[in-house]
Amino acid sequence: MTTARAFVFLTAGLALTLSACGSDGRSAHRSPVSPTATPSAPTASGVADAVAPATRQVLPPPFRHRIPGMPAPLPGGVYAAAGPGMVQPALKAQPHLLYVPDSEVDGRTVVISQRTHRIVRVLDTGALDQHVTPSWDLRTLYVEASASDHLAKIDPATGRMTGTAATSRPYNLYFTPNGRQAIVMDEQHDEIVFSDPRTFKRQQVVSDPACSGPNHADFSANGRYFIVSCEFSGELLKVSTMRHRVIGHLRLGMPAMPQDVRLAPDGRSFFVADMGRDRLLRIGWRHFRITHSYPTLAMPHGIYFSRDQRVLYLSDRMAGAVQVFNLAKGRFTQTWRIPGGGSPDMGGLSADGRTLWLSGRYDGVVYGFDTSTGKLIAKIPVPAHSPHGLLVWPQPGRYSLGHTGLMR
């Protein structure tokens, strides 16, 4: 497929998605599809493919040959189902909360109202809480309590804890795009653990001598593989989703410290935050190599795409700032600085895309940025020494790939 044809696929679907939203950023229709498309039946996993086009959809190459059981892609790009206000009907009545884990030994999870900016409760989720992650089917939120060797389970309908699931040293959590396996990043033991997505019983373990500290990841557009960042060895791994083995290595060279990994909206590249060398890296989807390296401010960490898929937000932990990267122009176009400085780390966008919420890793606060102006509109103190992988909930999207809301 030509580049022009792929661009038509992305932009036409994106225009359709945006036209389905009202002026308040909320979806005006149930799904961003044309009148000629008909809803498909739910798959065995319980998630519908959303639409069965009346005419056969011609997919760009990155989206072809998806793994069995993975919901079909929608016209409009990787995040077409995660546009402003496109929250699943079952989630619309759930409270709009921020879940803020504390990655200190005496950790806990602080729950904050997005509307009032007030703390509504503090949950005893375990020690060394790292990230808060929605399950693939969006029914449960998990807190990776690393030092407690468990995942704390939260009911998103109530914002309260319901139990725990045992697993060794969970640092981060992902789900295969078909929902059939969970992937626990055991950073301490350098293991990528494929598990049962409900019991978290171990099924297969992937490790590689070149990878020290596996922690962040994202999947290709067809789900065939995922890219893993190895923080302490300056390495990226390419791992086969179905075969459970490493199929590629990319050595970045020290002092590289790769952090967040995110697939671009067109599915043709991955972005990686290199915290050690102050770079935003772009990795090709077909050939596992760096295609571009963009200088950043100090210690880039978290990567988030705007709801319209036009820009990327990059949190610079030690610069006290967020940089805005224009995808069409291929460069940074704005910098949002926190007055007086700060340490913006991990988080996500509100459902309408109007607020970017980030944890303040070294300052015991949560930041809220107005995405239309870049101004800091909230700085909420939290009873946490090291607020880390903050989850904004609910999120638009059909299913979760894990982390702090990789929604598709």
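How many bridges join strand 2 to strand 3? There are 4, and the two strands, with residues 109–113 making up strand 2, run antiparallel. Strands here are DSSP runs (E, at least two residues), numbered from the N terminus, and two of them pair if DSSP finds at least two bridges between them. The model is a predicted one, where local features need pLDDT of at least 70, side-chain atom pairs count only at pLDDT 80 or more, and totals for chains, interfaces and linings use all residues. Residues are numbered from 1 along each chain as its sequence is written, and side-chain values use heavy atoms, with hydrogens and water left out.

Strand 14 (residues 235–240) is joined to strand 15 by 5 bridges, and Val-239 has Val-246 of strand 15 as its bridge partner.

Then there is Pro-156, found in the loop between strand 6 (150–155) and strand 7 (160–166). Pro-156 has a relative accessible area of 1%, which means buried (under 20%; exposed is over 50%, partly exposed in between; 1.4 Å probe, protein chains only). Beyond neighbours within four places in sequence, its contacts include Tyr-99, Leu-138 and Trp-393, contact being heavy atoms within 4.5 Å.
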